[in-house]
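Try each one before you read its solution.

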Amino acid sequence: MLSIRKLTKTYKTGDQALKAVDLEVPAGQVLALIGPSGAGKSTLIRCINRLVEPSSGEVWLDGSELTRLGAGGLRRARREMGMIFQEYALVERLTVMENVLSGRLGYVGFWRSFFRKYPQSDIDEAFRLLDRVGLLHMADKRADELSGGQRQRVGICRALIQNPKLLLVDEPTASLDPKTSRQIMRLITELCRERGLAAIINIHDVALAQMFVQRVVGLRLGSIEFDGPPDRLTPDVLTTIYGKEDWEATIQKVNEQESEEEPEQIEGAL
Amino acid sequence: MPISDNGQTKTWQRRTTGESLTRWFVWLICVAVFLYCWQQISEATTWFFVWDAPRIAGDIWDRATPPRLEYLTQLGRPIWDTLNIATFGTLIALVLAVPTAFLAARNTTPSVLFIRPLALLIIVSTRSINSLIWALLLIAIIGPGVFAGVIAIAIRSIGFCAKLLYEAIEEIDRSQVEAIASTGASRWQVMAYGIAPQIMPAFAGIAVFRWDINIRESTVLGLVGAGGIGLQLQASLNVLAWPQVSLILLVILVAVVVSEWISAKIRGAII
Amino acid sequence: MTTPAYAELDDMLGKRWKKPPFVPNPVLRWAIILGFAAYLIAAFSTIEVNWSRVYEGLDRGWQFIISFTRPDFISRWEDIWGGLLESLVMTVAASVVGILISIPIGLGAARNIAPLPIYLLCRGIVALSRALQEIIVAILLVAIFGFGPLAGFLTLAFATIGFLSKLLAEDIEAMDRSQAEAIRASGARWLQWINYGVQPQVMPRLIGLSMYRIDINFRESAILGLVGAGGIGATLNTAFDRYEYDTAAAILLLIIGIVMALEYLSGVIRARVQ
């Protein structure tokens, strides 16, 4: 469904963030993107929906090539891809409901959105999603009154109400405590399964990634170093991705699911 | 840390001899400039009047007290006009300042090379020139009256509001804008959902703050004929009706204090 | 998920949703909206605009804008130069004197270092200076001291005191107590305490504010001439009266240029002291 070919990004400073990356994501697959800070995880995700303009290469989503789209075509393509952000990126001075409904912006005209006159179907869907993540009673609260975990749930609703085919998830748990991190990861993967969504989850917490996804892609210095199921992540593989370190403790975490303490092996990414 | 060594004792000094000399030289120039300025002022002054000043001040005080309170009945309309000049001037300025600010802010301007300098030029030139000068100019162009006052206040306020506003726009959180853009929102929807809510508090604060300043400024616009209570002040000064002058000054003082109080209240309610 | 939550969802489905209003009380909300609208209509209807006069003026306005492309610095150069020099002289002298006086008053107006009677006195001076606008002070001072730059100089110095003392006092009140206490603990006398404990903390901001005030003083000095208190304002006024837009444009360009130069200079100086 999503197919990335020879995607390259060189920043103005000369840093090559992505070096001809090839990646295929079939429909309904949840994939974790791991790698050290500066490996290009965030850039890769942002090049797909062109929040960052790629330098060269192709991104195909269901038969359309995204990197050559004009402004209008890009907007239509972005509706197909929901994005969830590291620091939640809710518009803090709007209410929860407005934040969720803002996911429909690509479908409604400017004046309708300006006067908050969304179609009833959108409003019902927003209520259903808020109910699904357990925040229905918060609908008219302002986003900056919410806790971190609650904000991220609103961010998930905003991405899902777009009715996307693909979720782009950028460090969803980087600002959350370990327990909330797991809840959020579980929620994202559950929702993807329910709706048959594909997702690329960019995450620095290897143990958390192994816990929830079917496929792991390791990125190092802008190239893919590993692509496979989570149980094939051996200490050797982690060493090629992250460099020399004692990895046994990290991998063992997969088995001790009760532990709430996640080791902070890598500093938060970009 | 410079340490000078004169014979056997070592002395710590904050600066080396060279640095000290330069500093003394700079100070010397400053003092010389000040003395020159003072001499210029002194030359242009008739010192006889200055020595006589306490007597004249006392004389004016005697004539100006008590203020002629019955004149207050004639000040209703001028006060109303003053208020309107400030309010409409602020409203017009805000309408014009918002697009100017968006064109001037580095992160929203369509072109950093061409449009941004133009917007900055508008901001600098409207801001550098006092509203009284704008009023003078407008009176020469469209004739005296309240309308000239409104436009003068509006022009003067554009630069002020736009400058504060574009600084607020440059400080917004980019990720919220990205999040709205990634939903497939159009350029205007990104403005309405991603940017506008973030600068709203700053905008409201600037509006009220400028309204407060504009009340002050519009009280004196009448001195050059642009309507408001300043007209009465000028007329009273022309006929040396000091009891009326003192009353008008009292009214202006009250207006300034009240508007400052109101603006502080509104700002407190918003933030 | 508990059952009541689902019941709630069923209630909400199909219902219209409206953004909660900024003012929750509907009576108050409509009172504010209608009151403001009524005021605007009333105010608008009382503004008399002589549209034919405005229409005639458009031509002159256009000429004025055109004159910015060919400003005339030459024919009144003597007046312009004299006025500008006087404005600058007033600005410099008033800023120096004003800053020097506002330092002790600013210290006195800071509650954390001044005793109450001094605090009240200094706050009174600050309030008076801030409430009276420059141009009104200038009118009174011209009446008392006669025409000329002395009145303008005194006006600007007085306004500087109100502006700087207030901000300086607020800065001192917000400073870090522990640093000042450390100096006091070393047994310093009052002046030493100010010099070592307070001054280093507020100095960078004082310099920045002073630069900003010099900028304001120059802009204000351009209008004091209108009431006879010296400076470029008188020349400008004459130029407008005679409809000499070329000369007026030249003067305005010079003012804008000097203000920009001062802003640039103060930016450089502020960057160096911080």
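**Exercise 1.** How many helices and strands are there in chain A?

*Solution.* This is a predicted model, and chain A has 10 helices and 10 strands in it.

**Exercise 2.** Find out how the radius of gyration of chain A compares with that of a compact globule.

*Solution.* Start with the expectation: for 270 residues, a compact globule would come out near 18 Å. Chain A has 18 Å, so the two agree. Next, look at the box: along the principal axes, the C-alpha atoms of chain A fill roughly 55 × 45 × 35 Å. Then turn to burial, where 46% of the 270 residues of chain A count as buried. Finally, take the contacts in chain A between residues at least 6 apart in sequence: 70% of them join residues at least 24 apart.

**Exercise 3.** Which residues of strand E6 of chain A point one way, and which the other?

*Solution.* Recall first that side chains in a regular strand alternate between the two faces of the sheet. In E6(A), residues 81-84, Met81(A) and Met83(A) point one way, while Gly82(A) and Ile84(A) point the other way. All are buried. Now find the partner: E6(A) pairs with strand E7 (residues 166-170) of chain A in the parallel sense, over 4 bridges. Within E7(A), Leu168(A) stands opposite Met83(A).

**Exercise 4.** Describe the side of chain C that touches chain B.

*Solution.* Count first: 45 residues of chain C are in contact with 45 residues of chain B. Next, sort the chain C side by class, which gives 31 nonpolar, 9 polar and 5 charged residues. Helices that each supply at least two residues of this side include H2 (26-46), H4 (77-108) and H9 (190-224) of chain C.

Terms used: Residues numbered from 1 in each chain as written. Chains lettered and ligands numbered in written order. Predicted model: local features only at pLDDT ≥ 70, side-chain atom pairs only at ≥ 80, totals over all residues. Rg over C-alpha atoms; globule rule 2.2 N^0.38 Å. Buried ≥ 20, exposed ≤ 12 C-beta atoms within 10 Å, placed from the backbone. Contact = placed C-beta atoms within 7 Å. Pairing = 2+ DSSP bridges. Nonpolar A, V, L, I, M, F, W, Y, C, P; charged D, E, K, R; others polar.
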